[in-house]
Amino acid sequence: MAVRVLIADDSIFIRDILRTHLQRFGFTVVAETENASQTLKLFRALKPEFITLDLVMPVVDGVDALGAFRTMREEDPAVQILLVSAIPYQRTREAFLREGAFDYLVKPFSKLSFERLRRKLEATFPELRIPRAGHEAAALPSNSHE
């Protein structure tokens, strides 16, 4: 059975990168949103097992994203939430990880960040058939870094 994912990011470019990688990893993308308010509504309607959540989007700022994150974790403690942000602050990352985030992916993405994510996904979702490294470069811009 495929793991269903909801992708939340205001950038269509970032959503494209995430969708490409997650589909290659074996996920089924059930919806994409561009703000946390839409994300909460679709989360409740679709009940995905995995969510990517950008921390800074229109309509909802980082504080509101934390509230949305906490709401989703309270409504379904099993949901895994991958935070995605251009904010590389260690304290922000640690705070969300303490709250139960699956992981924290910093934009712009790198081959290394997707390889680290792949390894963690393999351990968490053994039902996925995740291909080995080597496929990441195709969907990453040449200037990406971690």
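Which residue of β5 is the bridge partner of L83? Select L83 and find out: the partner is Y104. Bear in mind that this is a predicted model.

**The sheet.** Zoom out and show the strands. There are 5, in an open sheet ordered β2-β1-β3-β4-β5, with parallel pairing. Color β2 (28-33) and β5 (103-106) next. These are the edge strands, and each pairs on one side only.

**Strand β4.** Select residues 80-85. On one flank, β4 pairs with β3 (residues 50-54), parallel, over 5 bridges. Pick F50: Q80 of β4 stands opposite. Pick T52: here the residue opposite is L82. Now switch to β5, which runs parallel to β4 and is joined to it by 4 bridges.

Check each face in turn. Q80, L82 and V84 are buried on one side, and I81, L83 and S85 on the other.

**The helices.** Together with β4 and β5, helix α4 makes a right-handed β-α-β unit. Then select α5 (residues 111-124). Helix α5 lies across β3, β4 and β5, at about 160° to β5. Finish with α2 (residues 36-46). Helix α2 packs on the sheet and touches β1 (4-8), β2 and β3. The direction of α2 makes about 145° with that of β2.

Technical notes: Residues are numbered from 1 along each chain as its sequence is written. This is a predicted model: local features need pLDDT of at least 70, side-chain atom pairs count only at pLDDT 80 or more; totals for chains, interfaces and linings use all residues. Side-chain values use heavy atoms; hydrogens and water are left out. Two strands pair if DSSP finds at least two bridges between them. Helices (H or I, at least four residues) and strands (E, at least two) are DSSP runs, numbered from the N terminus. Contact means heavy atoms within 4.5 Å. Axes are lines fitted to C-alpha atoms, for helices over the stretch in contact, and angles run from 0 to 180 degrees between N-to-C directions. Buried means under 20% relative accessible area, exposed over 50%, partly exposed in between (1.4 Å probe, protein chains only). A crossover is right-handed if, with the strands pointing away from the viewer, the path from the first strand over the helix to the second runs clockwise.
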